[in-house]
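The following note collects points on the strands, the aromatic contacts and the cores. Please read it beside the sequence and the structure.

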Amino acid sequence: QVQLVESGGGLAQTGGSLRLSCAASGITLQFYGMAWYRQAPGKQRELVAQFTRGGSTNYADSVNGRFTISRDNAKNTVYLQMNSLKPEDTARYYCAAAWGCPALPGDIDMNYWGKGTLVTVSS
């Protein structure tokens with residue numbers, strides 16, 4: 001059984017930081033294309049951060065420079081470090097895994113999804 005379990009969400013104030021974790025079981029994340037998505041109430045799901053082919057990273061313009069995606073292969077875990085948080089970052093954040101790693105930034109079909117973790121940033 002494949003499971004992606006997000007954690008680390010919660011409350012933060014504007015300018016604060018949170019680190020989200022995505023712990024995987026049933027797959028080895030080292031061999032998957034990993035990404036973080038988020039969805040706020042009344043808004044479309046958006047791609048926040050992802051790994052692309054060659055070990056590069058891609059970020060949404062809205063988070064670029066503030067968020068960092070990283071991976072610890074030994075722990076089979078992917079992280080999203082979120083700094084300089086803004087109220088606009090309030091959303092449920094989802095970890096997702098694809099069988100292939102994209103050569104170019106952008107949405108691809110994801111094969112596995114976590115249940116998400118809620119991030120709330122106060123004004």
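1. Trp113 is partly exposed, because its relative accessible area is 34%; buried means under 20%, exposed over 50%, and partly exposed in between, with a 1.4 Å probe and protein chains only. The ring of Trp113 pairs with that of Tyr37: the centres are 5.0 Å apart and the planes stand at 50 degrees, so the pair is tilted. Rings of Phe, Tyr and Trp (its six-membered ring) pair if their centres lie within 6.5 Å, with planes under 30 degrees apart counted as stacked, over 60 as edge-to-face and the rest as tilted. Tyr37 lies in strand β4 and Trp113 in strand β10, 76 residues apart, and the pair thus links distant parts of the chain. Helices (H or I, at least four residues) and strands (E, at least two) are DSSP runs, numbered from the N terminus.

2. The model is predicted: local features need pLDDT of at least 70 and side-chain atom pairs count only at pLDDT 80 or more, while totals for chains, interfaces and linings use all residues. Residues are numbered from 1 along each chain as its sequence is written, and side-chain values use heavy atoms, leaving out hydrogens and water.

3. Tyr37 counts as buried, with a relative accessibility of 2%. Arg45 lies over the face of this ring, 5.0 Å from the ring centre; the criterion is NZ of Lys or CZ of Arg within 6 Å of the centre and within 35 degrees of the ring normal. The charged end of Arg71 is placed over the ring of Phe51, at 4.9 Å from its centre.

4. The count of aromatic pairs comes to 3. In one of them, Tyr32 and Tyr112 have ring centres 6.2 Å apart and planes at 65 degrees, so this pair is edge-to-face. Tyr32 belongs to the loop between β3 and β4 (33-39), and Tyr112 to strand β10 (residues 112-113), 80 residues away. Tyr32 is buried at 18% relative accessible area, whereas Tyr112 is partly exposed at 22%. Ring pairs join Tyr32, Trp99 and Tyr112 into a cluster.

5. How many residues of β4 are buried? The number is 6 of the 7, so the strand is largely enclosed by the rest of the structure. β4 pairs with β9 in the antiparallel sense over 7 bridges, and Gln39 has Arg92 as its bridge partner in β9; two strands pair if DSSP finds at least two bridges between them. A further 4 bridges connect β4 to β5, also antiparallel, and here Trp36 is partnered by Ala49. The hairpin of β4 and β5 has 6 residues between the strands, and Gly42 takes a positive phi near 75 degrees.

6. The largest nonpolar core holds 30 residues, of which Met34, Trp36, Leu80, Met82 and Tyr93 touch the most other members. Such a core is a set of buried Ala, Val, Leu, Ile, Met, Phe, Trp, Tyr and Cys residues joined through side-chain atoms within 4.5 Å. Another core, of 6 residues, lies apart from it and includes Tyr37, Leu47, Ala98 and Met110.
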